[in-house]
Amino acid sequence: MKRYDTTLQDNSTAAQVKNSVNRLHDAVSQALSHPNEQTKAQAANSLEHAEEAVRQAGRSLDDQGVQYVEGILEDEKSRMSSVNQGNNQ
């Protein structure tokens, strides 16, 4: 299972972003391996939370840290599109 370890500064905002992205990854993985309405909804909900965490991080973290999590978020959005299309990766 992939976990995102960041070089972000260790503060509550960075920890929240890291946790949100990890939960998103887990939810998308679950929806890919067991696609049903519940897992898809959980993945969509996790995506919303992660996007909000990244927006908040943009207000308090340095540019490098924000760019890092934005990249991860884009990777997960790509995986999420597979969930929405019903394809397994």
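**Burial and surface.** I began with burial in this predicted model, and I noted that 37% of the 89 residues of the chain count as buried. I then looked up the surface, where the chain exposes about 5400 Å², with carbon and sulfur atoms supplying 42% of that area.

**Helices.** I went through the secondary structure next and found 3 helices and 0 strands in the chain, which gives the pattern α-α-α when read along the sequence.

**Confidence.** Among the elements, α2 has the highest mean pLDDT, at 92, while α3 has the lowest, at 87.

**The core.** I turned to the largest nonpolar core, which has 21 residues, and I listed those with the most contacts inside it as Val 17, Leu 24, Val 28, Ala 43, Leu 73, Met 80 and Val 83. The elements that give two or more residues to this core are α1 (12-33), α2 (37-60) and α3 (63-85), and α1 gives the most, with 8 residues. I kept in mind that nonpolar side chains tend to be buried together in soluble globular proteins.

**Ala 43 and contacts along the chain.** I followed one of these core residues, Ala 43, and, leaving aside its neighbours within four places in sequence, I found Ala 43 in contact with Leu 24, Ala 27, Val 28, Ala 31 and Met 80.

Conventions
Residues numbered from 1 in each chain as written. Predicted model: local features only at pLDDT ≥ 70, side-chain atom pairs only at ≥ 80, totals over all residues. Heavy atoms only, no water. Core = buried A, V, L, I, M, F, W, Y, C linked by side-chain atoms within 4.5 Å. Buried < 20%, exposed > 50% of the residue type's maximum accessible area, 1.4 Å probe, protein only. Helix = DSSP H or I, 4+ residues; strand = E, 2+ residues; numbered from the N terminus. Contact = heavy atoms within 4.5 Å. Areas by Shrake-Rupley, 256 points an atom, 1.4 Å probe, with all protein chains shown as cover. pLDDT = per-residue confidence, 0-100.
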